[in-house]
Amino acid sequence: MILLPLLLLVFLYAVVVLCCWYAWRKLPELTQQAEVPPVFFTVIIPVRNEASNILRLLQDLEQQRYPVNAFEVLVVDDHSQDATPLLVKQFQAQSALAVRLIELHHFPGKRQKKAAVEIGIQHASGSWIVCTDGDCRLPHGWLQAYNQMIHAQQPKMISGPVVYAPIDTLWQRLQALEFSALIGVGAASIALQKPTMCNGANLAYEKAAFEEVNGFAGNEQIPSGDDEFLLHKIHSRYPGKVVFLKSKAAIVQTPAAEKVRQFLHQRVRWASKWRHYQSWASSLLALLVLGANVAVLAVCLGCFNGIWPWYSFATVIFLKLGADAVLLRQILLFFEKKRLLSLLWLLQLVYVPYIVLTAILGLKGTYVWKGRQLKTT
């Protein structure tokens with residue numbers, strides 16, 4: 001009697017994943033269009049201890065194929081303990097780019113990423129805010145792609161594609177495979193008008209829309225979620241006005257976690273948001289992913305102990321990995337990383353214990369990030 005609900009759970013997961021595959025395929029890929037007037041952007045980069053990365057990111061912005069007088073860059077430093085502020089000032093002194101450094105230590109009580117973004121928006125001159133992280137790398141057509149999407153669809157918020165790079169080791173490739181799935185499902189959910197997730201490393205929104213939904217008000221106590229909670233609020237206020245920027249010219253690169261400990265803390269940080277979701281679609285998707293992976297483990301253990309026949313396990317594996325492979329193939333083709341698909345079986349082996357562990361630790365909500373001990377309350 002227990003086996004049937006487990007099979008149905010995995011079947012439901014496969015149906016949802018295939019719906020995401022269909023939605024991803026139907027997402028139009030942005031192509032080069034005729035010249036359109038440039039929107040004035042404010043690029044906000046919240047940083048903490050990014051001395052080893054910040055100059056490369058600023059150089060990427062300096063090389064954008066976008067009028068230099070049509071965007072500004074605000075680097076908001078969150079109490080860095082390294083040379084990040086000094087490097088930004090040195091770059092500012094020798095660059096024609098409109099760069100401003102804002103330091104949170106000048107604003108009593110302001111700490112962490114949400115505060116950095118809010119302070120940045122308060123000082124922004126642009127009608128559109130574009131966010132990325134201090135350890136990212138940007139393609140030269142990044143702002144141009146955002147500008148084209150704004151003119152093409154008149155959205156209020158745009159979620160952009162993010163990929164892990166470099167991916168030289170097996171550990172990095174496994175992370176890249178899982179992360180590609182997250183980006184793809186987030187994009188598909190936006191296409192289905194049930195937005196669940198996006199990534200603050202590549203995100204843009206109208207400044208007026210941010211102010212209209214009162215920014216991060218209502219979830220200030222949650223250290224993370226500057227991206228997803230805002231996504232849900234803007235979608236609720238402006239249905240149909242959140243879009244995904246499916247463009248190779250807009251793919252932002254971010255590094256994978258170097259160590260397992262860092263990886264787990266990152267995933268616990270993400271998982272700690274789940275119980276605070278007010279979007280039923282996001283909550284159901286998180287529970288479905290967890291439930292399907294637990295079901296795979298439960299059926300495997302049941303077959304191993306002789307409770308159920310082994311074809312039961314073959315069925316759940318076929319449903320789970322088959323649906324995952326169909327979706328991931330399309331996403332990896334877009335990212336030009338199709339070879340990662342060969343690691344899907346290995347990812348599944350480690351994914352079940354990993355997702356159960358992070359779900360449990362996410363309920364506790366305690367993790368270390370950027371040298372700080374944080375807790376989601």
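**View 1. Asp324 and Lys320 pair in a salt bridge.** The closest N and O atoms of Asp324 and Lys320 are 2.7 Å apart. The model shown here and in the other views is predicted. Both partners sit in helix H11, which spans residues 310-335. Asp324 and Lys320 are four residues apart, so about one helical turn separates them. Asp324 is buried, and Lys320 is buried too.

**View 2. A salt bridge joins Glu103 to Lys89.** The side chains meet at 3.9 Å, N to O. Glu103 belongs to strand E3 (residues 99-103) and Lys89 to helix H3 (residues 84-94), so this pair ties together parts 14 residues apart in sequence. What is the relative accessible area of Glu103? The value is 14%, so Glu103 is buried. Lys89 is partly exposed, at 42%. A search of the whole structure finds nine salt bridges. Side chains of opposite charge can pair when their charged atoms come close.

**View 3. Asp133 forms a salt bridge with Lys113.** The closest N and O atoms of Asp133 and Lys113 lie 3.0 Å apart. Asp133 lies in the loop between strand E4 (128-131) and helix H5 (142-153), while Lys113 lies in helix H4, so the pair ties together parts that are 20 residues apart in sequence. Asp133 has a relative accessible area of 17% and is buried. Lys113 has 24% and is partly exposed.

**View 4. Gln122 belongs to helix H4.** The helix covers residues 112-122. Is Gln122 buried or exposed? Gln122 counts as exposed because its relative accessibility is 58%. Ala176 gives a distance reference for this view. Gln122 and Ala176 are 54 residues apart in sequence. In space, their C-alpha atoms are 35 Å apart.

**View 5. Thr358 is a buried residue of helix H12.** Helix H12 runs over residues 344-364. Thr358 has 3% relative accessibility, so Thr358 counts as buried. Which backbone oxygen does the side chain of Thr358 reach? The side chain of Thr358 reaches the backbone oxygen of Ile355, at 3.1 Å. Neighbours within four places in sequence are set aside for the contact list. With those left out, Thr358 is in contact with Leu264, Arg267, Val268 and Ala271.

**View 6. Phe11, Leu12 and Val15 form a nonpolar surface patch.** Together, Phe11, Leu12 and Val15 have about 260 Å² of accessible area. Leu12 is found in helix H1, residues 3-26. The relative accessible area of Leu12 is 43%, so Leu12 is partly exposed.

View 7. A disulfide is a covalent bond between the sulfur atoms of two cysteines. How many disulfides does a search of the whole structure find? The search finds zero. Cys20 is buried, with a relative accessible area of 7%. Cys300 is partly exposed, at 25% relative accessible area.

**View 8. A cis peptide bond leads from Ala165 to Pro166.** Omega of this bond is near 0°. Where is Pro166 found? Pro166 is in the loop between strand E6 (162-164) and helix H6 (170-191). Most residues other than glycine have a negative phi, and most peptide bonds are trans.

**View 9. His79 has a positive phi.** The phi of His79 is near 55°, in a residue other than glycine. His79 is found in the loop between strand E2 (71-77) and H3. At 21% relative accessibility, His79 counts as partly exposed.

**View 10. Asn214 has a positive phi.** Here phi is near 60°, and Asn214 is a residue other than glycine. Asn214 occupies the loop between helix H7 (207-212) and helix H8 (228-237). The relative accessibility of Asn214 is 54%, so Asn214 counts as exposed.

Definitions and conventions:
Residues numbered from 1 in each chain as written. Predicted model: local features only at pLDDT ≥ 70, side-chain atom pairs only at ≥ 80, totals over all residues. Heavy atoms only, no water. Helix = DSSP H or I, 4+ residues; strand = E, 2+ residues; numbered from the N terminus. Buried < 20%, exposed > 50% of the residue type's maximum accessible area, 1.4 Å probe, protein only. Patch = residues over 30% accessible without salt bridge, like charges linked within 9 Å, V, L, I, M, F, W, Y side chains within 5 Å. Areas by Shrake-Rupley, 256 points an atom, 1.4 Å probe, with all protein chains shown as cover. Salt bridge = Lys/Arg side-chain N within 4 Å of Asp/Glu carboxyl O. Polar contact = N/O pair within 3.5 Å; in protein donor to acceptor, adjacent residues only side chain to side chain. Contact = heavy atoms within 4.5 Å. Disulfide = S-S within 2.5 Å.
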